[in-house]
Amino acid sequence: MFISQGHHLPEPDENLHIYALPIGQGDSNIIQCPDGTLNIYDLGSRNKNTLGFWRKKEIVNFFNGRFSDIRNVIISHNHFDHFSHLGDVLGKGKDLSGLENIYISCTESDLQSAVTKWLDEMELWGKVKLINEGFACGMNGVDCGHITLCPNHPSITAKIMSANYGQQCNLTRGNANIDSIVVKVKYDDISVMLNGDFEDFYPTLNEKGPQRAMANYYGDELQVTVLQISHHGGFYKANKPVLLN
């Protein structure tokens, strides 16, 4: 469905919808359950004032006042363009009474100030959830678990395929992209993979890093109907043939 300026979140229609908002560099994905329950996978932009892309006003307008329907917020990794809109879109004056979980990569100590400020102002620290206690999981044989997106529709599953894989969430330690929370959402025969900025350690195509490890570990389970290519379509370390194939 095409999302244009002034567009409102449609009313629930007993189907699962995933909306990728046009916010420029970064990601903002809204998952709407058949009963209207909402989940957010990233809410950010590198430049919130880029001409032609949505800013706070357009994103707030899209939610159409239905902030109390938000159940989960997933911050895929610790880069500004994936969480920069949290404070101004879901900040003061917003009814977040339905919010149950805020999933982050690595640990609370790795969060940037823009996120901690939002958590402080909205008194949301009790909602923060770690995946595998902040340690690597997924392709290393450690189960990352599932996220319940739609409690009233158990046939809709959200499996965490990888999280905290490089243990570099803190920006002083390296590349937080590798720690992206990768989620596969499945509803009947339709599946969507949300990758954040998941990428490899090095740019060489034959590198035996995270993307090859994911392909080797999951095999055919990586086949999906819709793939969110990571790192905004970059081919330097992300979206290598071994994973795309």
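Tutor: Welcome! The model is predicted, with local features needing pLDDT of at least 70, side-chain atom pairs counting only at pLDDT 80 or more, and totals for chains, interfaces and linings using all residues. Residues are numbered from 1 along each chain as its sequence is written, and side-chain values use heavy atoms, leaving out hydrogens and water.

Student: Why is the pair Cys33 and Cys150 called a disulfide?

Tutor: A disulfide is a pair of cysteine sulfur atoms within 2.5 Å. The sulfur atoms of Cys33 and Cys150 are 2.0 Å apart, so the pair qualifies.

Student: What makes the disulfide of Cys33 and Cys150 left-handed or right-handed?

Tutor: The torsion about its S-S bond is about -85°, so this disulfide is left-handed. For Cys106 and Cys169 the torsion is about 75°, so that disulfide is right-handed.

Student: How do you know that Cys106 and Cys169 form a disulfide?

Tutor: Their sulfur atoms lie 2.3 Å apart, and the cut-off is 2.5 Å, so the pair counts.

Student: What pattern do the disulfides of the chain follow?

Tutor: With bonded cysteines counted along the chain, the pattern is 1-5, 2-6, 3-4. The structure holds three disulfides.

Student: What classes make up the lining of the largest pocket?

Tutor: There are 13 nonpolar residues (Ala, Val, Leu, Ile, Met, Phe, Trp, Tyr, Cys and Pro), two charged (Asp, Glu, Lys and Arg) and eight polar (the others, Gly among them).
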